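Hello,

Here is the structure I promised to pass on to you. Have a look at it first, and then read my notes below.

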Amino acid sequence: MTSSSSALLELARRYGVAAEFDDWTGRRTAVSESTLVAVLDALGVPAGTEADRINSLAAHDRQYWQRSLPPIVLGRATVASSFWVHVTHGAPVDLTLLLEDGTERTGLRQLENNRAPYDLGDRLVGEATFELPSDLPLGYHRLRLRAGERHTDERSHEERYTETPVVISPATLELPARLGRRRAWGLAVQLYSVRSKNSWGSGDLTDLTDLAVWSAAEHGAGFILVNPLHAAAPVAPMEPSPYLPTSRRFGNPLYLRVEAIPEYAAVRGRGRLRALRAGLDKRADRHPTIDRDAAWQAKRTALEQVYRVERSAGREVAYAAYRTRQGRSLEDFAIWCALAEQYGPDWHDWPEALRHPANPEVAAFAAANAHAVDFHRWLQWVLDDQLTAAQATAAQAGMELGVMSDLAVGVDPDGADAWALQDVLALGVTAGAPPDEFNQLGQDWSQPPWRPDRLVEQGYEPFRAVVNMALRHSGGVRIDHIIGMFRLWWIPTGAAPTEGTYVRYDHDAMIGIIALEAHRAGAVVVGEDLGTVEPWVRDYLRERGLFGTSILWFESDGSGDPLPAERWREYCLSSVTTHDLPPTPGYLAGEHVRLRDELGLLTRPADQELAADRAAQAAWFAELLRAGLLGPEPDTDEIVSALYRYLGRTPSKLLALSLADAVGEVRTQNQPGTTDEYPNWRIPLAGPDGRRLLLEDVFSDVRAAALCDVMRSITAHPGLAGM
């Protein structure tokens with residue numbers, strides 16, 4: 001960087017844009033000037049020339065001093081903190097805390113602040129500091145600053161207020177009382193892949209409920225971890241990846257069980273609908289992969305007929321209450337769905353007047369297409385009903401946590417959330433990950449990241465809505481790439497993933513909101529904290545009461561050997577594998593090496609990759625032998641069982657068993673680095689012989705029952721893990 005770039009470096013620092021970083025090898029790496037300029041531009045900060053940079057720095061100063069209050073004030077229960085106030089120099093400060101329960105607090109203590117006043121040109125602005133008390137209740141409050149003069153004559157009475165949100169979150173998120181100090185295990189399920197005799201071509205919420213009841217009642221499971229159930233666009237081709245949704249605020253109606261909707265009983269001609277489902281089942285039996293488009297086409301036809309049935313007075317009240325509760329976000333989503341059905345799923349290709357939800361032409365479209373819009377509102381309501389029932393039934397079956405949802409890291413740039421929230425998302429960049437040991441070219445997820453400045457300005461309301469939805473029907477949530485709450489890799493549009501840089505977020509705000517929402521839901525939070533992680537981040541998450549994630553194959557000590565069980569983390573969700581690897585039987589057979597070689601994804605010859613993989617597996621076999629969990633010449637089932645028993649030797653409070661492992665599946669659900677080169681997220685559940693398994697087959701599968709009972713034994717009686 002040249003000396004003339006000092007203003008650019010200062011600008012990057014102020015906006016949380018990294019000008020250099022340590023890569024996965026520990027090497028200090030400088031970020032190019034072009035990347036800094038592009039990322040700052042995505043933040044709305046001109047930085048292309050030296051004059052732009054100087055002007056942007058001055059604008060940043062003025063923006064700070066023109067604010068009377070911070071855009072949001074953050075605090076933790078039992079911990080005193082502070083905040084600043086800006087008023088005309090020498091003017092009195094009158095503050096009131098308006099608490100969520102309707103009470104008010106005044107008399108906040110002023111702290112010392114010797115900062116010199118700032119000249120805004122028309123006035124001097126002074127800064128005062130006040131203490132946020134340590135005894136405030138958890139919740140979302142308001143801070144009010146009164147400015148101006150009170151006029152008490154009969155002709156006028158004017159008071160001017162400035163308000164800002166105050167968020168008080170738990171200092172540490174406590175474990176739910178129903179879990180207590182016990183350990184719990186759960187099934188990790190890709191729901192779409194688990195079809196039953198009565199589902200419409202792919203797994204649905206009734207199947208999820210039945211899996212929860214079976215695993216809890218017969219095998220003592222405490223939770224069921226399900227893939228993201230976020231919404232996909234309602235038109236073909238339906239996006240198969242649950243991690244690239246059109247919306248994270250709403251769900252995918254593909255997971256509805258049509259017959260479980262109360263109004264289904266009053267549909268005329270139900271025989272035709274049963275025949276429609278039977279035809280779909282026959283097609284699914286013949287098709288080697290899950291055909292979401294066919295499933296949705298058939299299910300949508302049935303749902304339209306159910307929608308036309310007149311609802312009872314009580315159901316109508318419930319539907320109205322749901323619409324009121326969801327408010328504007330539901331309207332925007334339903335309107336987007338109706339627009340997508342008419343103009344296609346990419347809102348960038350729509351007529352210009354329809355590309356922003358606030359435009360009057362969008363309201364006119366909604367009025368002219370009221371039936372289509374209401375149908376999509378109704379779909380979300382019945383989905384909300386079935387999600388609520390799934391969680392309630394799981395708890396009734398004895399699960400301590402019930403359903404554990406999965407929150408994807410972002411959304412489709414062409415989808416509903418990107419359209420509705422475009423003013424809070426960064427344009428001109430995408431989120432991804434820098435190069436690391438497993439992806440040495442880096443990753444571009446094609447998803448628009450949150451703009452940290454806009455989140456702050458909106459008091460994190462859009463983020464809070466996403467978190468609230470993830471916890472609304474669950475006893476826990478897994479947050480994909482939680483390290484993105486601290487810093488996220490931004491890649492300028494058109495650049496390679498290696499040409500990005502990190503952008504900082506206010507992790508105290510984002511983690512605090514997550515902890516507060518989880519506290520209110522009585523839920524646990526599991527952060528997927530794999531990849532390149534700053535060392536202090538995992539300590540911070542633990543301090544705030546959030547769980548981490550451990551995958552057995554990735555757990556190693558400093559020398560590359562397996563990390564001994566006793567050194568694993570306690571506040572962690574631990575498992576043998578993950579959805580980005582083959583199920584364990586396939587992994588043991590080298591399926592991940594074979595597949596990457598076939599797809600041209602290896603960075604070295606296949607024989608070298610396979611040899612390295614065999615060496616890594618041999619090290620784990622030696623560790624299993626040392627632990628007394630594996631005998632000589634074991635078969636695949638014995639190795640898989642030993643690996644899961646090894647999890648029982650760790651102190652981890654939450655343990656997950658992949659349903660694919662339980663039935664002996666070999667094929668992977670997702671191969672990172674591919675889209676259509678491999679049928680990602682479209683593999684129906686099968687046994688080791690490749691024969692497709694229905695949910696009913698799982699319930700009678702001897703292998704699945706045996707592994708589930710292993711999980712029951714190692715969580716109920718950890719000392720028996722080796723038996």
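This is a predicted model: local features need pLDDT of at least 70, side-chain atom pairs count only at pLDDT 80 or more; totals for chains, interfaces and linings use all residues.

Let me start with a pocket. Helix α3 gives the largest share of the lining of the second largest pocket, namely seven residues. Residues are numbered from 1 along each chain as its sequence is written, and side-chain values use heavy atoms, with hydrogens and water left out.

Back to the pocket. The second largest pocket holds about 1,000 Å³ of space. Its lining has 32 residues, and Arg14, His60, Gln63, Asp453 and Val456 are the closest to the centre. Two or more lining residues come from each of α1 (6–14), α3 (50–66) and α11 (452–457). By class, the lining has 17 nonpolar, five polar and 10 charged residues. Here Ala, Val, Leu, Ile, Met, Phe, Trp, Tyr, Cys and Pro count as nonpolar, Asp, Glu, Lys and Arg as charged, and the others, Gly among them, as polar. As for the word itself, on a 1 Å grid over the protein atoms alone, a pocket is an open set of points where a 1.4 Å probe fits, with protein on both sides within 12 Å along at least five of seven lines, and lining residues have an atom within 4 Å of a point. Grid points are joined across faces, edges and corners, and the volume is the space filled by probe spheres set on the points.

Next, the sheets. Eight strands form an open sheet with parallel pairing, in the order β22-β19-β16-β13-β12-β25-β24-β23. Two strands pair if DSSP finds at least two bridges between them. At the edges are β22 (524–527) and β23 (548–551), each pairing on one side only. On average, neighbouring strands of this sheet are turned by 25 degrees against each other, direction ignored. Angles in these notes run from 0 to 180 degrees between N-to-C directions, and axes are lines fitted to C-alpha atoms, for helices over the stretch in contact.

Within that sheet, β12 (residues 184–189) and β25 (residues 654–658) run parallel and are joined by five bridges. Glycine 186 has alanine 656 of β25 opposite. Helix α4 (residues 205–219) packs on the sheet and touches β12, β13 (223–226) and β16 (402–407), with its direction at about 150 degrees to that of β12. Contact means heavy atoms within 4.5 Å.

Another open sheet has four strands in the order β18-β17-β20-β21, with antiparallel pairing. Its edge strands, β18 (443–447) and β21 (501–504), have a single partner strand each, so one side of each is left without a neighbour in the sheet. The twist from one strand to the next averages 50 degrees. Four bridges pair β17 (residues 429–433) with β20 (residues 487–492) in the antiparallel sense, and valine 429 stands opposite proline 492. Helix α2 (residues 33–42) lies across β17, β20 and β21, at about 105 degrees to β20.

The axes of α6 (residues 292–307) and α9 (residues 370–396) are 11 Å apart, and the helices pack at an angle of about 100 degrees. That makes α6 roughly perpendicular to α9, a label for angles of 65 to 115 degrees. Among the residues in contact are Trp296 and Arg300 of α6, and His371 and Trp378 of α9.

Finally, two details of the backbone. The peptide bond from alanine 236 to proline 237 is cis, with omega near -5 degrees, and proline 237 lies in the loop between β14 (230–231) and β15 (247–251). Threonine 78, in the loop between β3 and β4 (81–88), has a phi near 70 degrees, a positive value in a residue other than glycine.

Happy exploring!

Methods: Angles under 35 degrees count as roughly parallel, over 145 as roughly antiparallel, 65 to 115 as roughly perpendicular and the rest as oblique.
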